[in-house]
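Please look through the structure shown here, one part at a time. The paragraphs below go with it.

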2 protein chains.
Amino acid sequence: MHFNTSQDPSDERWTEVMLIARSLLNQLLTTDLPLPSDPILPILDTSELPSLQDKIMPDDHPRDPVSILQQAMTLFDYHIHHTHPHSFAYIPACPIPIARLGALLTSVCNVNVANWDASSGPSEVEKAMIHWLGSQLGLPDSVGGCFVSGGSMANMTAIVAARDEKLQPLQRANATIYMSDQTHLSVMKALHIAGFMDYQVHKIPTDDNCCMDVNLLRHAIKTDRLFGRVPFLLVANCGSTNTGTIDPLHELADIARDEGLWLHVDGAYGASIALSDKHRHLVDGIGRADSVSWDGHKWLFQTYGCGIVLTRHVNSLARSFSFDAEYITGPLEPQATTSFYKLGPELSRPARAMSLWLTLKVLGRRRVGEMIDQGFLLTCTADHSIRQCKNWIIPVPTVASIVVFRYAPPGFSEEELDSLNSAISQRIVAENIASILTTQIRGRTTLRMCAMNPAVQPETISEVISRVDKVAQAEASKVKKTYPKMSNGLCSPLISCCVVEASDHA
Amino acid sequence: MHFNTSQDPSDERWTEVMLIARSLLNQLLTTDLPLPSDPILPILDTSELPSLQDKIMPDDHPRDPVSILQQAMTLFDYHIHHTHPHSFAYIPACPIPIARLGALLTSVCNVNVANWDASSGPSEVEKAMIHWLGSQLGLPDSVGGCFVSGGSMANMTAIVAARDEKLQPLQRANATIYMSDQTHLSVMKALHIAGFMDYQVHKIPTDDNCCMDVNLLRHAIKTDRLFGRVPFLLVANCGSTNTGTIDPLHELADIARDEGLWLHVDGAYGASIALSDKHRHLVDGIGRADSVSWDGHKWLFQTYGCGIVLTRHVNSLARSFSFDAEYITGPLEPQATTSFYKLGPELSRPARAMSLWLTLKVLGRRRVGEMIDQGFLLTCTADHSIRQCKNWIIPVPTVASIVVFRYAPPGFSEEELDSLNSAISQRIVAENIASILTTQIRGRTTLRMCAMNPAVQPETISEVISRVDKVAQAEASKVKKTYPKMSNGLCSPLISCCVVEASDHA
């Protein structure tokens, strides 16, 4: 199978390709963390982008595989390194070696888990995983679902099923969806894909803990019904990306039951807490959901592309996603088996359940739970360290593995503090101290960190916070020095005000 | 980074895990084909499924990684082996070693290509690939798009963009979509997700070549307008999954232009033909599309999970999929860069462009085109071999890498021939001769083979056809022997009539 001479095993270039492949394998399975001095977030120089585009564009001709592989590795290095011990931006997913090995195995076998008869082994593994994950959340034995590419597709799959289950076609235009102002943007995107308009979404304000205000929710539903709207879907956060907030799941489940709404819980990040003996109580009630989104590549330590949608209404999934089922049954597909293309939006797709299964079988649920606990410990450490420093505010109680904190020394207006916190984040990133970006909490710019790398120790976190505090002091005194008469409410022109809404990333 | 003692590098089990990993790597990069005697489609014994579920279910406790890995490899083996030289079912995707190496690299780096600043290297590669692929099809320089998980998501992304571009919200209920009766089911699924009803789809009959009948299309559009419906979307096949058919792209582009419709070309399988010097003319006109779906894991020799959506209206994609853009811009994201989460339905996702880029850079466009030509050659060989055997019908002219053929000896009714062809397929599969399943052509059961493995030689195909012919003769004489007085139009009770509509798989 010689695609060109340079891939011929007798060719010396092939030997070199194999050497590179071996070193990649070692990287894949390494248990070593990057050093603190390694760059966390290398970014391409934008002035070089046009010439880079020219250079990387393929053409008619073959190229030396070794030099192209080296170019690929160089290019690939320009990304945020979530395995770095000081990586705290977005949701810093850290795949563990056994999960990476699972990803390798998945590539080797390259199975398409569309229909059962062409993938009976991986399909049975996916079936087992759906049931096992559902049982961990307290969903009934009849739970169904499938693996998708991530939380966005999981939310979309659940929303389409809810729409088809709860609404007659003519009701769609008046249908109303409830979610908090902390809900991930992928839910809005999924609603848009499913044909709903922005004005059909009723965003419910949150309380001091960033949890959905259930009284306002009840009021909104009542009022909407009076105006002829058709409430049908309630989306709850189980670990918001912005602050880690878990909405009051039991109360929302009660409301959903009383009002006949479909309760979808976005647990892309937080559903994993159910695997922890120590913290499971925080997500109590998640099993009362009609559907749940859950990401393996967030807090289950998998590589990207491992999303899960679970529902107690497997027939709803089948109704929404089984097309031409009378013709598609393979010649060898027995009745009791599951062909996953009938339960989700895709047909051909990778065997996404396999590496998660491998991880859970090898480590066991308890050990995975302890790795999740480590994230709680790290973030608790961050919270304590911040409170020991002067002039810091933690505007929302720390939950799960996310802490938000704002530097607020006296003598600055709120707007000046926004700029100051942006400047602190930028300097921390520029000096490779840590990837701590900013988010918005009640309209104010706030630092945010998410610590979930199970190989990181609490001392590392304390040290990072100590350095962040020093940077904050330095930035504040720099501002004071440059603008001794500040506090006039105007934004310093020297401090650009770039923010990133963390809830927008996942 | 020791997650449990069995992953400790000092542990002897870890050494064994590494040995397994090395052997997986060798499998990943092998240039050897499976032997003809290797099983093509191993399927789990259904009587053992309940106990298998019990056995594979994870629990609280860790397990020996070596034995779990071995269990994983055993389970993974139960799937259709598309690299087998006699694998012709569905679209038998054959990833080549350089693509598999790219998949390994993608796993190692585990980059999330959501926003540019966190993935500038892979984002620039994806940008280059979108432009390069678009230029191969003749799309304008302003082409935009993104990588998605496969053709289903590519079709969905394009359909949502077309809906938002072409329709006012109040027009949606009267909107009409045109496609041929050979269109892939993922288009119907995508339309359903996007909120359209089945009755809004106007399926246009096909001619003797399985191409959309353009006169009937013109007539349908005219009539629909008279009845107040709003034509807005025309979906063309560029390589249907069922028969490889390419709709008359220029004529459809003319109609779309004249009628103001969005022309979406489903080229998941067939767009790759544009890379072949020899056969490019077959897809002439594809560059006039408003949007195109294209799968790397079909005829570009990638592993699963490599779909592409391209459009000349990149602003439409941005309008449909950019949410909360005012907050999401990262602190470091320059203006001229592309954050791909703004152009598609997902946020976190793997760097899907990377292995396709590696493949095209190392091999060059011409060599990839020649590998595609090999599929044409193999299928042409199959067509010729079938015509040399007695009593076979090729009901649709062979196109691209797909041939459909029906055994039709005299003395059988059409219904009996349906059963006979099903029986032939089942025996071919059962005896591991080849994976040749059946499809429906104009309501009749027909064998179907898709040959696209560039490492297979034409002689192999001739031999397979010769064996298929022998099986066909044997099955026919068996039926005659068992039911000497058949031809009464009744289906033999001994031959079960299971069919698989190939267009339903991809």
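In strand S7 of chain B, Gly307(B) is the bridge partner of Val148(B). This is a predicted model. The bridge belongs to a pairing between strand S1 (residues 144–148) of chain B and S7(B), which runs in the antiparallel sense over five bridges. S7(B) also pairs with strand S6 (residues 291–295) of chain B, again in the antiparallel sense and over five bridges. Here Trp294(B) stands opposite Ile308(B).

How many of the residues of strand S7 (residues 307–311) of chain B are buried? Five of its five residues are, and the strand is mostly covered. Gly307(B), Val309(B) and Thr311(B) point one way from the strand, while Ile308(B) and Leu310(B) point the other way. Residues on both sides are buried, which here means under 20% relative accessible area.

Next comes a sheet in chain A. Four strands form this open sheet, in the order S8-S9-S11-S10, with antiparallel pairing. Strand S8 (392–393) and strand S10 (437–441) of chain A are its edge strands, since each pairs on one side only. Between strand S9 (residues 402–407) and strand S11 (residues 444–450) of chain A there are four bridges in the antiparallel sense. Val404(A) stands opposite Arg448(A) of S11(A). Helix H13 (residues 353–388) of chain A packs on the sheet and touches S8, S9 and S11 of chain A. The direction of H13 makes about 20 degrees with that of S9(A).

Finally, consider the two chains together. The same surface serves both copies, as 100% of the contact residues of chain B recur in chain A.

Terms used
Residues are numbered from 1 along each chain as its sequence is written. Chains are lettered from A and ligands numbered from 1 in the order in which they are written. This is a predicted model: local features need pLDDT of at least 70, side-chain atom pairs count only at pLDDT 80 or more; totals for chains, interfaces and linings use all residues. Side-chain values use heavy atoms; hydrogens and water are left out. Contact means heavy atoms within 4.5 Å. Two strands pair if DSSP finds at least two bridges between them. Helices (H or I, at least four residues) and strands (E, at least two) are DSSP runs, numbered from the N terminus. Axes are lines fitted to C-alpha atoms, for helices over the stretch in contact, and angles run from 0 to 180 degrees between N-to-C directions. Buried means under 20% relative accessible area, exposed over 50%, partly exposed in between (1.4 Å probe, protein chains only).
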